[in-house]
Amino acid sequence: MDEVRLPVDPGQDLVVLGQRALDLYLGIGDRMRAAWAYDLLGAVAAVRGQFAEARALMEQGSECYEDVGDAGGIAQAEFLSGMYEMHLGQFARACSRGER
């Protein structure tokens with residue numbers, strides 16, 4: 001049986017596709033789907049341990065959710081941003097996320 005080899009960075013494909021989707025959705029003005037793309041890119045960054053980047057992406061996604069009035073999306077993005085801030089040692093800032 002042949003050995004299965006995974007790519008060195010299996011998340012890279014998600015980053016490429018996520019960025020393409022983001023560019024497309026922003027280009028056509030679809031803020032809701034752009035928020036989803038920011039969510040995907042933020043999740044990949046978090047899995048890689050890149051919490052500052054993940055937080056920044058989630059904040060951009062939160063802005064998109066605000067633009068379309070999606071309270072659930074805003075709450076999710078703020079929660080995840082707070083989790084990433086905890087990983088960065090920014091506990092007070094993380095706690096303030098729940099005060100919005």
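From the N terminus on, the chain's elements run α-α-α-α-α. This is a predicted model, in which local features need pLDDT of at least 70, side-chain atom pairs count only at pLDDT 80 or more, and totals for chains, interfaces and linings use all residues. Residues are numbered from 1 along each chain as its sequence is written, and side-chain values use heavy atoms, with hydrogens and water left out.

User: How many helices and how many strands are there in the chain?
Analyst: Helices (H or I, at least four residues) and strands (E, at least two) are DSSP runs, numbered from the N terminus. By that assignment the chain has 5 helices and 0 strands.

User: Are H2 and H3 roughly parallel or roughly antiparallel?
Analyst: Helix H2 (residues 31-47) packs on helix H3 (residues 51-68) at about 165 degrees, with the axes 8 Å apart. Axes are lines fitted to C-alpha atoms, for helices over the stretch in contact, and angles run from 0 to 180 degrees between N-to-C directions. Angles under 35 degrees count as roughly parallel, over 145 as roughly antiparallel, 65 to 115 as roughly perpendicular and the rest as oblique. The angle therefore makes H2, relative to H3, roughly antiparallel.

User: Which residues does Asp 39 touch, not counting those up to four places away in sequence?
Analyst: Asp 39 is placed in helix H2 and is among the residues of H2 that meet H3. With a relative accessible area of 14%, Asp 39 is buried (under 20%; exposed is over 50%, partly exposed in between, with a 1.4 Å probe and protein chains only). Taking contact as heavy atoms within 4.5 Å, Asp 39 touches Met 58, Tyr 65 and Gln 76.

User: What class does the aromatic pair of Phe 51 and Tyr 84 fall into, given its planes?
Analyst: The structure holds 1 aromatic pair. Rings of Phe, Tyr and Trp (its six-membered ring) pair if their centres lie within 6.5 Å; planes under 30 degrees apart count as stacked, over 60 as edge-to-face and the rest as tilted. The ring centres of Phe 51 and Tyr 84 are 6.2 Å apart and their planes are at 35 degrees, so the pair is tilted.

User: How many residues apart in sequence are the parts that Phe 51 and Tyr 84 tie together?
Analyst: Both Phe 51 and Tyr 84 are buried. Phe 51 lies in helix H3 and Tyr 84 in helix H4 (residues 71-87), so the pair ties together parts whose separation in sequence is 33 residues.
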